[in-house]
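This briefing goes through one structure by topic.

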Amino acid sequence: MTQDFEYGIDSRYKNANEKTSDSVALMQARLERMKNLPKEQIVRAKLLQLKLRMENYLNEPVHDDKTNFTNFLGIYIDAIYSQRNKFANDINVNPVFLSQIINNHREPKEEFFFKLMIHSEKAFKNVCNFQEEIWYQIYYQEKISGTMSKQNQWRPQIEKQVKFSELIEE
Amino acid sequence: MNTVFAFYVNFPIFVRMNIIEVSTGKAFPIEIIPVEKADYKSLPKSRYFFNWKDEQNEEIYKLVIKGGNTILGLVSLERIPSEWRVHIRLLTVSKENKGSEKEFDKIAGNLITHAAKIAIAEYGELACVSLKPKTEIAQHYIDKYKMNVTGITLSLEVPEILDLVNLFDNNE
């Protein structure tokens, strides 16, 4: 009969001493292993972390009013490049233009998204399955959430400009 | 955070993890979601091998087929930020998924992968998942999931933890 090793694991620490001694030993061993970690594996981990955070953001039912798109964009660039100018050069945009986007002084245009999608397609190719349209999804999620959460600011003025002249019968 | 706004745009979201029905080889998409208070009524030790009520104050997730209610597996986690680590406290599959007659395969692997995804999302290149299986079954986890051994603790770190996530989270 085949043994099933995967039906259950009880890894709970019996007491604080056991947890502490295990933690110390494990950390020492991990730090040793980390010394030999190649740079490409670190980049790989950072990109997978970014992807998971982007997916988690979209899966959240409640969204804040932070500028998540540009935050994620900055993390993406910093995971791969030592200088953001190099990324600007690789996607053929002016570094000042890129800086303005990252600092929310300018809106990204469609061409910027096209370039970002193609760039990230290449960056993630050997890392993990990455749906490059997620950049669009995060950008528009942020826009929709921002617009709807600020209704008290724009609605009073706009409502004065909108009328409904057609009668809809019940 | 200035404003919290409960508005949800239903973009198609990334369900790639699956389990395999042993009798047919058919893949079923799954989701791993937090256990709710009401779930504890239907988690008897006779079916889920441990007393899960004891874990009520911990971070516990259940594995279900997408859109279904039947709990096929459970995992209880402890996040240890000071060590960039997620420790698997308790993990189980349901009784009908144990042994050679089991209905579905890959349940435990998906639960370990869920812990790995949390660790990577939180700690990036420093991420670690640990567990302490009994000595007689440790070798299975070392071989199957390429786990590192430190004393009697098994752990997954970069790069193996990345490979595991890619293996389980990449089914189209």
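The model is predicted. Phi of Lys146(B) is near 55°, a positive value in a residue other than glycine.

- Most residues other than glycine have a negative phi, and most peptide bonds are trans.
- Lys146(B) sits in the loop that links helix H3 (135-145) to strand E9 (148-150) of chain B.
- Phe49(B), also not a glycine, has a positive phi near 65°.
- The loop between helix H1 (45-48) and strand E4 (59-65) of chain B holds Phe49(B).
- Is Phe49(B) buried or exposed? Phe49(B) is buried, because it has 20 other C-beta atoms within 10 Å and the cut-off for burial is 20 or more.
- The peptide bond between Val158(B) and Pro159(B) is cis, with omega at about 10°.
- Pro159(B) lies in the loop between strand E10 (153-157) and helix H4 (160-168) of chain B.

**Strand pairing**

- Strand E2 (residues 18-21) of chain B pairs antiparallel with strand E3 (residues 27-34) of chain B through three bridges.
- Within this pair, Ile20(B) has Ala27(B) in E3(B) as its bridge partner.
- E2(B) and E3(B) make a hairpin with five residues between them, and Gly25(B) in the turn has a positive phi of about 80°.
- E2(B) is also joined to strand E7 (residues 104-105) of chain B, by two bridges in the antiparallel sense.
- Ile20(B) takes part here too, with Asp105(B) in E7(B) as its bridge partner.
- One pairing crosses between the chains: E1(A) and strand E6 (residues 85-93) of chain B run antiparallel and are joined by three bridges.
- In that pairing, Ile9(A) stands opposite Leu91(B) of E6(B).

**Nonpolar core**

- The largest nonpolar core contains 64 residues, and Ala116(B), Ala119(B), Val129(B) and Ile161(B) have the most contacts inside it.
- Helix H2 (residues 107-123) of chain B supplies the largest share of this core, nine residues.
- What does Ile161(B) touch, leaving aside its neighbours within four places in sequence? Ile161(B) is in contact with Ala116(B), Ala119(B), Ile120(B), Ala127(B), Val129(B) and Leu156(B).

**Chain A overall**

- Chain A has eight helices and two strands, in the order β-α-α-β-α-α-α-α-α-α from the N terminus.
- The radius of gyration of chain A is 24 Å, whereas a compact globule of 170 residues would have one near 15 Å.
- The C-alpha trace of chain A spans about 75 × 50 × 40 Å along its principal axes.
- Of the 170 residues in chain A, 22% count as buried.
- Among contacts in chain A with a separation of 6 or more, 62% are between residues 24 or more positions apart.

**Contact between the chains**

- Chain A puts 47 residues into the contact and chain B puts in 50.
- On the side of chain A that touches chain B, the elements giving two or more residues are strand E1 (8-10), helix H1 (16-35), helix H2 (39-59), strand E2 (63-64) and helix H7 (134-149) of chain A.
- H2(A) gives the most to this side, with 13 residues.
- The residues on this side of chain A are 19 nonpolar, 14 polar and 14 charged.

Notes:
Residues numbered from 1 in each chain as written. Chains lettered and ligands numbered in written order. Predicted model: local features only at pLDDT ≥ 70, side-chain atom pairs only at ≥ 80, totals over all residues. Contact = placed C-beta atoms within 7 Å. Helix = DSSP H or I, 4+ residues; strand = E, 2+ residues; numbered from the N terminus. Nonpolar A, V, L, I, M, F, W, Y, C, P; charged D, E, K, R; others polar. Pairing = 2+ DSSP bridges. Rg over C-alpha atoms; globule rule 2.2 N^0.38 Å. Buried ≥ 20, exposed ≤ 12 C-beta atoms within 10 Å, placed from the backbone. Core = buried A, V, L, I, M, F, W, Y, C linked by C-beta atoms within 7 Å.
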